[in-house]
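Work through the exercises below with the structure open. Each task is followed by a solution in steps.

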Amino acid sequence: MEYILFIIAAAITIGSSILALTRLNASHALIYLVVTLLALAVIFFLLGAPFAAALQIVVYAGAIVVLFLFVVMMLNLGKSSVEREQRWLQPRMWYGPAVLSAILFAILCVAIYDSPSSDTTGTMVSPKEVGTELFGPYIIAVELAGFLLLAGLVGAYHLGRRYLSDRRS
Amino acid sequence: MGNAMTIPVDLVMLLAIALFVIGLFGVLTRRNIIFILISIEVMMNASALAFIAAGARWGQPDGQIMFMFILAIAAAEVAIALGLVIQLARRFNTLDIDAASELND
Amino acid sequence: MQFLPYIPLLPLLGFLILFITEGRLNKISVALIGAGSVGIAVLIALLVGIDFYNQEATPYSHQLWTWMSVGDFQPNITLYLDPLAMVMTGVITGVGFLIHTYATGYMWEEDGYSRFFAYMNLFVFAMLMLVLGDNLLVLFLGWEGVGLCSYLLIGFFHTEPENGYAARKAFVVTRVGDTFMALGLFLLFREVGTLEIQSAVETATTTLWPDGSTMNTAICLLLLGGAIGKSAQVPLQTWLPDAMAGPTPVSALIHAATMVTAGVYLVARMQGLYLLDGPALDIVAVVGLLTLVIASFTALVQTDIKRILAFSTMSQIGYMFFALGVGAWSAGIFHLMTHAFFKALLFLASGSVILALHHEQNIFKMGGLAKKLPVPFWSMAIGSAALAALPLTSGFFSKDAILITAEQHSDYGLLFWAVAVLAAFMTSLYTMRMMMITFFGDLKTEPHDHSKANMWMPLLVLCALSIVGGWFGFEVTEELFADKGMKALEFHFDPIALITMLVPIAGVILGYYLFRPQNRKSIEKIANSTAGHNLSRFFFSGWGFDWLYDQIVVKPFVAIAKLNKSDVVDSIYKAITAIMRYSYNLIVITQNGSLRWYVLNMSVGLAAIALLVVFVL
């Protein structure tokens, strides 16, 4: 049962991500990105990681993509940008990267199938276990993540100011 | 949760690789910086999926913990990247990434 | 006895003071320090000498400190005093002091007064270290020091490029000699194991090569090479005439009395090595004889008064080498001493003449100065008499001792003596020519003699020394070496001695008649005839040595240097930088600032590494 669900979710993920990348309008791409993230959340749930799934939806799709949308709306890209994208997105630009991506895909597949295959356990890892780990062995990493977010905050504030070049920083 | 049929890890990894490659393809192809950032997000999600799959394979919470760190990183990165995007848009009046190529020789 | 180190120390102090104050002192202080340091050195040398002779002239050494200590090689800075060193010290400090005093007046109007005396004091210090050194390393130190000071002083008037070239030529030519000497020192050290003169000669003569050997001959010839360079003998004599570009006191001190005699001192010091069986000593005599003849013929046609004196110095030093070569060691050193007196006198007197005529040095522009400049005239007359070895002057005693000993030489006695007598004849001839043309005849340039006491006092003292120096010098040098050299001066009525005595007189008389103002026209006719003209040009250029060296040394060297103008060796380094620059230009293409290009590169790298990991590992 999970297997079938997994296949469906996987197909949605891939299709949605491809669609996300090939749109001309930034907002459309972001919506497709949200779909991708939601499908991934389903897959996380199937893998027995409900906490991760919830986080994915709340933080990733709910905050990060929303941030993206805000900035895109602020930049006020209009019809001219759509035409520009069309100009830029010529099929002939796709050949090189396609080849490279195919090669990389092939190599990594070989790497995966070389190693012994196994199944997932199917048991759910509850949020309680995750929490215990976080406050136990990974406490330092949590603090460092806090540093990182603080740095991100300060950086974003500084970079977002108007007339950055005129004012003394 | 009933587990009549568990999911083979290979398949999940395959999905992760596919997503990663798709994201890479997007980074290489698009010129608009917003799309490049979106592609990077896709790539990050691919690696997150790989971690979760590994954690599910062994039944340990470490995979989810790595996922959370990836989330934190992605959040910080997006914040700063969008700040840079705003600056780029203000200075060069375009979102073309090739406009910001002055750091050359 | 403990005063021995102070003799070289005082001129060194003078040099240091003048060097540090760098021309900020006034001229009187500079003169006092410059000449005074050497003056006090003279007094100390006198004290040391009296003490020395009271102790029956036993040699002693005074160690100052160890220079370096490298494995087995531990040379010390040691001063060694024996009769030879005593004579040399006396000459250097005594004549040096007189010349310094003269120079305080001569150089008064010139720029760089302080610099001049600094260099002169440094020279006296180096020369004293040369003669007082106990080991060959200290001698070499003094050797190089005097070479340096010679270079500095020849090029003293450095604003004229000609003086720089002359200084450079002197340095380079003596360098060739110094290289030979260094090789000789290396060989000697390798064979004998020490550079201390006394023990080295001792070891060599008693243990190593009691019957001589090719190694010993090689060492002697190499050391002779150094002596030839420093003393301006054939074939390294080309620098001495050009060295007259320096001020006259420099020519007097360095290129007449002291530095050029360093080579003679070196050979005399290593007497033990030369006396061993082998051709070395004969070669010394031949070198001296050749120089003697070449220089005296060249001096006959020169027009610059200082060049005449330079060539005469060259030939007199040839006499000294000749003396050492035929076994008249004491006579050779005796001649060194008397030569210092009368040559310094001649140079200083000619300096007075030059100064009075406002730096005119061409003798054909002089004339009739006998009455106008009495002190220089009589000084030069006495000096010339000593140079020509007229009877009872100091030069007479020394030169005749040499000639008579030469005749008694085992193999080539008569030949040596005949050639040397011919050269003596030429000496008196060109000396008379110089005197006649400079001081007699019509007045060509008006002299203005402004010299003060500090210039004519030294001249008077040197006049006295040139005359009586022979008598007291005899006492001092009689037993310098255990040889029969000075015994030759006991008078015998044999033809050799008589001819030796009378030849200079004959030369003087001939010179008088040839170069009298009345006869000058006929001389000029002979000189301007084709044969005479070519011959005189040949002699004038120093028998073509300059031309010869130009052809075989200078021109090929310059040609090779021009070939290598872009420097083959340098091109290796240039190639390295060129490769670097090329690869840089290649690599910099990858840094074009475009972000997508960087991502592409990263992806390719990622693919490559993944390939590597998966398939290879």
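**Exercise 1.** Which side chain meets Asp178(C) in a salt bridge?

Solution. The model is predicted.
Step 1: the partner of Asp178(C) is Arg175(C), with an N to O distance of 3.0 Å.
Step 2: a salt bridge requires the nitrogen and the carboxyl oxygen to be within 4 Å, and the 3.0 Å of this pair meets that cut-off.
Step 3: both residues belong to helix α6 of chain C and are 3 residues apart, so about one helical turn separates them.
Step 4: Asp178(C) has a relative accessible area of 5% and is buried, whereas Arg175(C), at 35%, is partly exposed.

**Exercise 2.** Find the parts of the chain that the salt bridge between Asp82(C) and Arg269(C) ties together.

Solution. 
Step 1: the side chains meet at 3.0 Å, N to O.
Step 2: Asp82(C) sits in the loop between β2 (76-81) and α3 (83-106), and Arg269(C) in helix α11 (residues 262-269), so the pair ties together parts 187 residues apart in sequence.
Step 3: Asp82(C) and Arg269(C) are both buried.

Technical notes: Residues numbered from 1 in each chain as written. Chains lettered and ligands numbered in written order. Predicted model: local features only at pLDDT ≥ 70, side-chain atom pairs only at ≥ 80, totals over all residues. Heavy atoms only, no water. Helix = DSSP H or I, 4+ residues; strand = E, 2+ residues; numbered from the N terminus. Buried < 20%, exposed > 50% of the residue type's maximum accessible area, 1.4 Å probe, protein only.
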